[in-house]
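Have the structure open while you read.

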Amino acid sequence: MTIELAQRIGQGAGSSTIASAVEGEIAHGRLLPASRLPTVRSLAAALQVSPATVAAAYRTLRQRGFVATDRGRGTSVAPVPPVRVKQAAELPTGVRDLASGNPDPLLLPQLAGALARVDPRHKLYGGATKLPELASLAGAEFAGDGIGGDVAVTYGALDAIERALQTELRPGDRVVVEDPSWPRIADLVHALGLAVEPVAVDRRGLDPDLLGGALRRGARAVIATPRGQNPTGASVDPARGRALRAVLASHPEVLVIEDDYVARVADAPYVPVHPAQGRWAVVRSLSKVLGPDLRLALVAGDPLTTTRIEGRQHLSPGWVSHILQQVAALLLAEEATARLLARAERVYTERRRALVAALAARGIEAAGDSGLGVWVPLAEEAAAVSQLLVQGWAVSPGERYRIRSGPGIRITTTDLQPDEAERLADAFADLGRAPVSTYAG
């Protein structure tokens, strides 16, 4: 690959030309996501330039989110580079989709009534950016979990996380990311030109000792999931929460972002990861409780962090559509929504536990203590995913979730019926694969 890439770049190219050429290779699909790039020295030799020139090009690409560098593994194309990507192929007819991560549509509130009550008057420039009714509801919900601070409204969880990171960090800074974790988190960190610092999780969340080591190595931010961790279902308990807060209290300059994305349907109480003092934000997406298409998240944080998030927002979209904010406020204020979400939490719990129990009955280890899915450690995840697809089950391979942790499969259980759980467990048993633990000891 080195020779072919060098031929397309051209001998004697400068660092900016090399970076642009590699970006073009990625955009045209000749360099695929996660594919390994030539080493600095080999590409420099092929181009007849100094290694420093190629290193500068790779550094530019890394800062722009096109490539990622991992110690010991070299430089690779980012799993989701910031260019247009092809839509995922449709599943074959008759295949059960347990990979999408979607909530059950039947457990989401109906939008028609709220839409009919939306104030149709135009929202013009210069007015309040946050709908007072939504800010008040958000503040009351956060306060119910002992969370103070100011409130911001963003276009979803990733929007909030991106703005928080952009205002606090600089290219090259390191960000602690759970391992394994939701792939879009690491993708976003890479796209911002930041470096991923993976820290293992067990069934109680981040490992405090490993977190402390990452912070001592200079990590500037931490992104953690307090409950319903994706993909493992980990939930921080009071003892682990105290340990994590103690570690973080020794690093008050570190920004702590909690991605509490399943808050009201998690089947686990909220336990804070961030210490009382310092820089922090708790992000609660409404995608799993009101519907993904609303594209809204509520954010609580220390005054400086929320001010900076809103300031960054002011420089781009300006504000979140008041039409969307009204729909969210109307739904959240209804007692019927509260009853539906309480039912959704019970149903999601039953479905998740049904699959864990069915797998356990067949001698297969699985994790799913909270949240919307189950994680099954498997030594041969790629082969298992393929075999399950042949049997009519589409599941998520763990490769996209893990950084240094062991292999496994993630299964969305939000609409998995009890009889399906038994049949899926039978399909796993037919794989004949011995499970392996992915949790830190």
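**Notes on some helices**

1. Let's start with Ala-45, which counts as exposed because its relative accessibility is 58%, over the 50% cut-off. Keep in mind that this is a predicted model. Ala-45 sits in helix H3. Its C-alpha lies 9.3 Å from that of Ala-6, although 39 residues separate Ala-45 and Ala-6 in the sequence.

2. Next, have a look at helix H2, which covers residues 15-27. From first C-alpha to last, the 13 residues of H2 reach 18 Å, close to the 18 Å expected at 1.5 Å a residue. Just after H2 comes Gly-29, with a positive phi of about 80 degrees.

3. Which residues of H2 are buried? They are Ile-18, Ala-19, Val-22, Gly-24, Glu-25 and Ile-26. Note that Glu-25 is on that list.

4. The axes of H2 and H4 come within 8 Å and cross at roughly 50 degrees, so the two helices are oblique to each other. The crossing of H2 over H4 is right-handed. On the H2 side, the contact is made by Ser-15, Ile-18, Ala-19, Val-22 and Glu-23; H4 brings Thr-53, Val-54, Ala-56, Ala-57, Thr-60 and Leu-61. Sorted by class, that contact has 7 nonpolar, 3 polar and 1 charged residues. Ile-18, Ala-19 and Val-22, which take part in this contact, are also among the buried residues of H2.

5. What makes the contact between H14 and H15? H14 supplies Ala-384, Gln-387 and Leu-388, while H15 supplies Leu-424, Ala-427, Phe-428 and Leu-431. By class, the contact of H14 with H15 has 6 nonpolar residues, 1 polar residue and no charged ones. For the H2 and H4 contact, by comparison, the count of charged residues is 1.

How values were computed
Residues are numbered from 1 along each chain as its sequence is written. This is a predicted model: local features need pLDDT of at least 70, side-chain atom pairs count only at pLDDT 80 or more; totals for chains, interfaces and linings use all residues. Side-chain values use heavy atoms; hydrogens and water are left out. Contact means heavy atoms within 4.5 Å. Helices (H or I, at least four residues) and strands (E, at least two) are DSSP runs, numbered from the N terminus. Ala, Val, Leu, Ile, Met, Phe, Trp, Tyr, Cys and Pro count as nonpolar, Asp, Glu, Lys and Arg as charged, and the others, Gly among them, as polar. The expected span of a helix is 1.5 Å times one less than its number of residues. Buried means under 20% relative accessible area, exposed over 50%, partly exposed in between (1.4 Å probe, protein chains only). Axes are lines fitted to C-alpha atoms, for helices over the stretch in contact, and angles run from 0 to 180 degrees between N-to-C directions. Angles under 35 degrees count as roughly parallel, over 145 as roughly antiparallel, 65 to 115 as roughly perpendicular and the rest as oblique. A crossing is left-handed if the near helix is turned anticlockwise from the far one by less than a right angle, and right-handed if clockwise.
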